[in-house]
Amino acid sequence: MKRILVTGSVGQIGSELTPRLREIYGNANVIAGVNRTQPTGELKESGPLAPVDCTDIKQVDEVVKKHKVDTIIHLAAVLSAVAEAKPHLAWGVNINGLYNVLEVAREHECAVFTPSSIGAFGLSTPLDNTPQDTIQRPNTMYGVTKVTGELLCDYYHKRFGVDTRGVRYPGIISSVTLPGGGTTDYAVEIFYEAIKHKKYACYIEAGTFLDMMYMPDAIKAAIELMEASPEKLKHRNAFNVTAMSFDPEIIAAEIRKHIPEFTMAYEVDPVRQAIAESWPNNMDDSCAREEWGWSPDYQLPAMTKDMIEKLTKKLNK
Ligand SMILES: NC(=O)c1ccc[n+]([C@@H]2O[C@H](COP(=O)([O-])OP(=O)(O)OC[C@H]3O[C@@H](n4cnc5c(N)ncnc54)[C@H](O)[C@@H]3O)[C@@H](O)[C@H]2O)c1
């Protein structure tokens, strides 16, 4: 990775991954692709910006040519809850947008990182210790686009030699940018509400286990996979990666160790609950561990402590 374009750079992952890439590869070498939401702060100040709507292939092509990009970190997407409300938009961005990025990558010989998701699984998948290679029959538009995306990326690698790589991210927990409308957003909202109001109404039912990961590990996964030597990769799109698995009761109990007055009630949202129930309880990420040395740094206690410290500072400002 020498000249990197990040699409969707203003989103939850991009707003932290882009500055980290700039630290490693040099500010001038990491172009933040911006769609509608304008970046602010460090992301805006620290390096080049370019308008990139991934559904506009000409725009993607021009930016890649102009900046001599060799790697596209393709984060632009419509997330699970929004995709259920707007399935046509989700197909347009998640599939047509990805196709455009792959075509431009083929033409200009770029490597491509595309995150897939735990949403790429469905009810017929073994939901405990979910294997790397298993049944993938999701029943959500998000899931359909993620499985299609995995297949398309593998096809571009096999057929055209494009260096495509990806991970199946679990729910990502972070303190900088709020999540963009996914099913696991509760695990971020709970921290804001615990600090601000000492109470939270959770839209996911007690007993619903999902894989989760703290942002520093999500960033590490993307960079380490892209830096891994290709001959070691038996899989490409996309690797199971996880750091922890919990249900709302477990994270609430962990938060109570720091904020003893915190209480949680349930106002279950049937749409997001149904999505959550179709996703793994916990994934087996041994292929990522074996093929490129994946190992997360944060478990629930360390993540909770860090989130509360960072958010308390942020919210007191
Ligand atoms: N955050 C998570 O918990 C999570 C979990 C699993 C997978 N992922 C995947 O990681 C990737 C990044 O997710 P995120 O959480 O940062 O999402 P996000 O919603 O926070 O950010 C996505 C960004 O894409 C932008 N975008 C939307 N349409 C666009 C278009 N046509 N052209 C260019 N940009 C466009 C949005 O404005 C937004 O800034 C996605 O592929 C997502 O499916 C995220």
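This note comments on a sheet, a nonpolar core and the cysteines of a predicted model.

1. The sheet. Three strands form an open sheet in the order S10-S12-S14, and the pairing is mixed. Strand S10 (171-173) and strand S14 (244-246) are the edge strands; each has a single partner strand, so one side of each lacks a neighbour in the sheet. From one strand to the next, the twist averages 40°.

2. Pairing of S10 with S12. Strand S12 covers residues 210-214, and S10 pairs with S12 in the parallel sense over three bridges. Isoleucine 172 has methionine 213, in S12, as its bridge partner.

3. The helix on the sheet. Helix H8, residues 215-227, lies across S10 and S12. Its direction is at about 85° to S12.

4. The nonpolar core. The largest nonpolar core contains 94 residues. Those touching the most other members are Tyr169, Ile173, Tyr186, Phe191, Phe246 and Trp292. Beyond its neighbours within four places in sequence, tyrosine 186 is in contact with several residues, including Tyr200, Tyr203, Met212, Phe246, Pro248 and Ile251.

5. The cysteines. The count of disulfides is zero. For cysteine 153, the nearest cysteine sulfur belongs to cysteine 54 and is 12 Å away. Cysteine 153 is buried, its relative accessible area being 2%.

Conventions
Residues are numbered from 1 along each chain as its sequence is written. This is a predicted model: local features need pLDDT of at least 70, side-chain atom pairs count only at pLDDT 80 or more; totals for chains, interfaces and linings use all residues. Side-chain values use heavy atoms; hydrogens and water are left out. Two strands pair if DSSP finds at least two bridges between them. Helices (H or I, at least four residues) and strands (E, at least two) are DSSP runs, numbered from the N terminus. Axes are lines fitted to C-alpha atoms, for helices over the stretch in contact, and angles run from 0 to 180 degrees between N-to-C directions. Contact means heavy atoms within 4.5 Å. A nonpolar core is a set of buried Ala, Val, Leu, Ile, Met, Phe, Trp, Tyr and Cys residues joined through side-chain atoms within 4.5 Å. Buried means under 20% relative accessible area, exposed over 50%, partly exposed in between (1.4 Å probe, protein chains only). A disulfide is a pair of cysteine sulfur atoms within 2.5 Å.
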